[in-house]
Amino acid sequence: MKVVQIPNYHIFVRDLQLEWRKGDRQEALSLTVKLNIDAPPDFTSDRYKFVTCYDRVVQGAKSKALSGGFKSLEALGTDIAIHCLDDRRVELVSIALEANGRSASGAGGCTIVRHRSGTREVS
């Protein structure tokens, strides 16, 4: 039996709607996350509790957005990226946040790309 080697895999969250608490007001946000993950050498022996999963990314992003501890989209996006990189298998994370709804006029958005070896921010 031939074993197929998979060097990495991806998790993708697209247009997740978040409520962001900024000071005393809430704003609607759209979040897109892309993760490149180092694959385990043997998927069949991998333990679920150690696997990076969609739900962990989504729940972490939602709780961070509602925490109210961020003064900018860049700070929130960076914290979500750090949350994703807490899993040592994640090699690269790309976070895109965009304000939407009535309160979004002129608010724009941001993209944060973080690698294990560094960070790059694009506004």
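**Close-up views of the predicted model**

**View 1. Surroundings of V33.** Beyond its neighbours within four places in sequence, V33 is in contact with I11, F12, V13, V57, C84, V93, S94 and I95. The model is predicted. V33 is also one of the residues that touch the most other members of the largest nonpolar core.

**View 2. The largest nonpolar core.** This core holds 30 residues. L31, V33, L35, V93 and I95 touch the most other members. At least two core residues come from each of β1 (8–22), β2 (25–38), α1, α2, β3 (90–100) and β4 (109–115). In soluble globular proteins, nonpolar side chains tend to be buried together.

**View 3. Packing of the two helices.** Helix α1 spans residues 54–66, and helix α2 spans residues 73–85. They pack at an angle of about 145°. Their axes lie 10 Å apart. The crossing of α1 past α2 is right-handed.

**View 4. Residues where α1 meets α2.** From α1 come R56, V57, G60, A61, K64 and A65. From α2 come L76, D79, I80, H83 and C84. By class, this contact has six nonpolar, two polar and three charged residues. Two of these residues, V57 and C84, also contact V33.

**View 5. The whole chain.** Two helices and five strands make up the secondary structure. Along the sequence, the pattern is β-β-α-α-β-β-β. The chain has 123 residues, of which 38% are buried. Among contacts with a separation of 6 or more, 62% join residues 24 or more positions apart. The chain exposes about 7,600 Å². Carbon and sulfur atoms supply 50% of that area.

Key. Residues are numbered from 1 along each chain as its sequence is written. This is a predicted model: local features need pLDDT of at least 70, side-chain atom pairs count only at pLDDT 80 or more; totals for chains, interfaces and linings use all residues. Side-chain values use heavy atoms; hydrogens and water are left out. Helices (H or I, at least four residues) and strands (E, at least two) are DSSP runs, numbered from the N terminus. Buried means under 20% relative accessible area, exposed over 50%, partly exposed in between (1.4 Å probe, protein chains only). Contact means heavy atoms within 4.5 Å. Accessible areas come from the Shrake-Rupley method with a 1.4 Å probe; for residues, only the protein chains shown count as cover. Axes are lines fitted to C-alpha atoms, for helices over the stretch in contact, and angles run from 0 to 180 degrees between N-to-C directions. A crossing is left-handed if the near helix is turned anticlockwise from the far one by less than a right angle, and right-handed if clockwise. Ala, Val, Leu, Ile, Met, Phe, Trp, Tyr, Cys and Pro count as nonpolar, Asp, Glu, Lys and Arg as charged, and the others, Gly among them, as polar. A nonpolar core is a set of buried Ala, Val, Leu, Ile, Met, Phe, Trp, Tyr and Cys residues joined through side-chain atoms within 4.5 Å.
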